[in-house]
Amino acid sequence: CVGSVLVDTIALVDRLPQEDGRVEAQHFVVAGGGNASTAAVTIARLGLDVEFAGVVGPDEAGRTTLRQLADEGVGTRHMVVRESAETARSMVIVSTSTGARTIVTRTAQALDSIPPGYRWVHIDKAGYPALQATPLPRSYVSLDDGGQVEELDLSRIDLYVPTAEILTSRFGGADPRTAAATAMRAGAGAVIATAGAGGSMLAD
């Protein structure tokens with residue numbers, strides 16, 4: 001898995017605040033986050049061998065994320081501690097009544113290339129620039145497009161995983177089914193659109 005790793009500050013609230021609004025949190029949690037790194041942890045928990053490649057800064061947050069990944073059984077030999085970087089962070093507000101969430105995030109810095117020798121590579125927005133610099137067969141690559149990747153080329157992507165909102169805004173159509181068909185015509189082998197509390201949809 002290649003891309004973002006960060007520290008999440010998560011607030012649990014009864015309802016999401018409106019603009020200029022204020023709500024009291026039931027609980028605050030500080031945890032590891034990032035689309036690609038969270039996928040790596042999930043894969044490790046399923047009992048599979050997985051490495052994570054990403055960039056952190058020489059700060060306490062960076063040291064924490066490296067330790068958390070290693071504790072979960074995720075390999076970190078491809079991690080880069082970049083002196084000029086600040087480890088990415090995000091704030092997540094979760095409504096306990098509806099399951100809805102609001103996320104404010106800062107994208108992690110990108111690697112220069114994807115490490116070779118793996119049967120499958122999963123990337124996110126922070127990992128996509130490394131894919132552009134690395135020749136890989138399409139059948140090796142899945143992409144989490146939850147952060148709206150720029151200059152997207154789906155001919156490089158076998159499994160495309162956007163949010164339903166990003167899918168329809170990027171590929172048009174009144175519904176995710178129509179937009180997914182357009183995405184597959186643009187090159188994706190299959191599409192999984194995620195819709196938060198509404199679940200997910202597969203087009204294959």
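I looked up which element gives the most to the lining of the largest pocket, and found H1, with four residues; helices here are DSSP runs of H or I with at least four residues, strands are E runs of at least two, and both are numbered from the N terminus. The model is predicted, so I note that local features need pLDDT of at least 70, side-chain atom pairs count only at pLDDT 80 or more, and totals for chains, interfaces and linings use all residues. Residues are numbered from 1 along each chain as its sequence is written, and side-chain values use heavy atoms, with hydrogens and water left out.

I then noted that the largest pocket is lined by 38 residues, with Asn35, Arg101, Ile103, Asp144 and Gly146 nearest its centre. A pocket is an open set of points on a 1 Å grid over the protein atoms alone, where a 1.4 Å probe fits, with protein on both sides within 12 Å along at least five of seven lines, and lining residues have an atom within 4 Å of a point.

Turning to helix H5 (residues 176–185), I found Ala179, Ala180 and Ala183 buried, where buried means under 20% relative accessible area and exposed over 50%, with a 1.4 Å probe and protein chains only. Seen down the axis of H5, these buried residues fall within an arc of 100°, so they line one face of the helix; the arc is that of the directions from the helix axis to the C-beta atoms. On the face turned away from the buried side of H5, I recorded the exposed residues Arg177 and Arg185. After H5 comes Gly187, whose phi is positive, near 130°.
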